[in-house]
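Subject: Handover of a structure

Dear colleague,

Please find below the structure that I am passing on to you.

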Protein chains: 2
Amino acid sequence: MAVTLKDIAAEAGVSLMTVSNVVNGKQARVSAATRDRILRIVKDRGYVPSASARSLAAKSSRLVGLLVPAEDEASLTISPHTVAVIGMLERELRRLDYHLMLRGIADRAEITEALKSWNLDGAVLLGFQDAEIDRLKAETVGGVALVAMDSYSENPLALEVRSDDFGGAELAVSHLIALGHKRIAFAGPGFSATGVVRRRFEGYRTVLAANGIGYDESLVSRVETTHADGLAYGRRLARERPDVTAVFTTADILAIGLIEGLAAEGRSVPGDVSVVGYDDSDLAVYVTPKLTTVAQDLTAKAAEAVRLMMDRLAGRDRPDEATTLGVRLIERDTAAPPPRR
Amino acid sequence: MAVTLKDIAAEAGVSLMTVSNVVNGKQARVSAATRDRILRIVKDRGYVPSASARSLAAKSSRLVGLLVPAEDEASLTISPHTVAVIGMLERELRRLDYHLMLRGIADRAEITEALKSWNLDGAVLLGFQDAEIDRLKAETVGGVALVAMDSYSENPLALEVRSDDFGGAELAVSHLIALGHKRIAFAGPGFSATGVVRRRFEGYRTVLAANGIGYDESLVSRVETTHADGLAYGRRLARERPDVTAVFTTADILAIGLIEGLAAEGRSVPGDVSVVGYDDSDLAVYVTPKLTTVAQDLTAKAAEAVRLMMDRLAGRDRPDEATTLGVRLIERDTAAPPPRR
DNA sequence: CTGAAAGCGCTTACAG
DNA sequence: CTGAAAGCGCTTACAG
């Protein structure tokens, strides 16, 4: 069947060991002549080392997992965020001769299982709630390099990477206030559980307070991150809250649905209501009017996650602190001064 | 370190073999009492079988690859298409206790390498050109189950899954003709090389001919599948081809850019120019006006690919013919009768 | 610079 | 119903 080290060794008239050394680039241990001869045979025969044999014999699998929460029977929901991370991660791993295993996690125990089963060298945790990261235990995680994206968990087992969610909200809400808005709503998904949303909510509250605007709980709505939920929220807002002149949302897709919902009830953006999104996804410029939004640099975030992972894998340990990336406000066409009364 | 079969066997006072049988569900070979005892220990100790050891000893790795073309230094471009397939594939594999390895392919030789290195049981090839599928050889592929998506290659080594590209184009162009259009442009990426685009182009030509409309090469433009290229094309079209009243494009994102480009030059859709997209991606309903487009059921296509793969893996071999899924036209707001002159 | 031995954690026949 | 042996393809010390 497949060509093995043994076959190459036999053909080259050397020992297994020598071929192994050559294949793994330990050149100091083999003469140039032998090396070239072996390399030629390797190439001619199309030899590819068995990764599972290697993984079994060595301590390292050269395998990194990308772990993403998954409903039991549903297929993985892959956000633009996830896509950016997958792309970057795969490329960097490939460059360093690692492989990427993608795994949906329906049940918490599967994290451990995924780690152990293929003896992963590292894993990137994407989209988990802080509490789930908190629960990771050293016994079950072993020495696996763990990077948790968008997590505010304090668990020292995982390196955290996120962008400045508090600051992003500050930027957005300050902008709305500067335009003259006072009745500013907040819309986002379950913000008690997920740290990212909670930080944005805190940014919202903080800026309000700093500007002497009283906090009004009735302006805060829990809306899932989908176009449909945004749309329903927009209709509701138009009907029930004519006093609201601006909305800060935690996601572009939600903002886009919201704008459509407002329009369906005869309210225009930004004429009647201003809307600020979050993410600066591609979508933001495809829609009309183009979306004013908080940009987080997904590519940079993914790159940072990969870099942390690679540093850990290479044993270049770095100060074990969370990395927080900057954000900025992209002013486009959905935020304007409130209508004159 | 990690708990092994041996540890479990020792604790249960049985042989390795017996534990192995229990873990692998070969219950006929073990008494119920022993089985329950072993299962309890397995659970208590948190034993997870080593997949690499298993892969090495058995003939099967329970590993399926998703192979996607990648520019050398660029990160994977993951289309909505790819996302749908990744999600479906991961879920089905997980359900059957397989794992998914994601691999970008910069160079053709890497396909073989990916297959051999981890001893993949199967692989889904996504986004390769027909010629690349054609070149796959039995020697290098071995017995790996191969599914090629959106391929029109005749290579019997791979099972092909695609949707009815010729029919989709027929639907779109017939619709435009029925509305009264005669000067209908075609815009899509490199359509000599990729079978999918070529089939759509053939659909376009065929319908034109069937309706007595002469083929005009100057109406056919090669435009890459990006918003930016669509936009540039739209501007060009508005300036140089006032005679064109309708455009059939091979992708929604391209159509959306095109509409923006036309608008930038003062031409409205569908007032001045009608546009039909392809894919019915989420985007289609987010933009204004909402896009008329050809829907291909990505979920169904992904599901079919997974099903073919699973049947092959399970040895349930099926008639080795390509699967072609249906398409349908979704009429929304970007196609209307041509302007009266 | 090169090699013989042991072992990684499993499964696959084959016995009993 | 249960087990002892061989082997999957590699790497890791350790010798020479």
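How many bridges join β8(B) to strand β9 (residues 274-279) of chain B? There are three, and the two strands run parallel. Before I continue, please note that this is a predicted model, in which local features need pLDDT of at least 70 and side-chain atom pairs count only at pLDDT 80 or more, while totals for chains, interfaces and linings use all residues. Residues are numbered from 1 along each chain as its sequence is written, and chains are lettered from A and ligands numbered from 1 in the order in which they are written.

Strands (E, at least two residues) and helices (H or I, at least four residues) are DSSP runs, numbered from the N terminus. Two strands pair if DSSP finds at least two bridges between them. In β9(B), B:Val275 is the bridge partner of B:Val247. Strand β6 (residues 184-188) of chain B also pairs with β8(B), in the parallel sense and over four bridges; here B:Ile184 stands opposite B:Ala246.

In a regular strand the side chains alternate between the two faces of the sheet. Strand β8 (residues 246-249) of chain B is covered on both faces, with B:Ala246 and B:Phe248 buried on one side and B:Val247 and B:Thr249 buried on the other.

Helix α2 (residues 16-23) of chain B has B:Thr18, B:Val19 and B:Val22 buried. Seen down the helix axis, these buried residues fall within an arc of 100 degrees (taken from the directions from the axis to the C-beta atoms), so they line one face of α2(B). Just after this helix, B:Gly25 takes a positive phi of about 70 degrees.

The most is given by α4(B), with four residues.

Finally, chain A has 14 helices and twelve strands. Of its 341 residues, 50% count as buried. The C-alpha trace of chain A spans about 90 × 40 × 40 Å along its principal axes.

Yours sincerely,
A colleague

Definitions and conventions:
A residue is buried if 20 or more other C-beta atoms lie within 10 Å of its own, exposed if 12 or fewer, and partly exposed in between; C-beta atoms are placed from the backbone.
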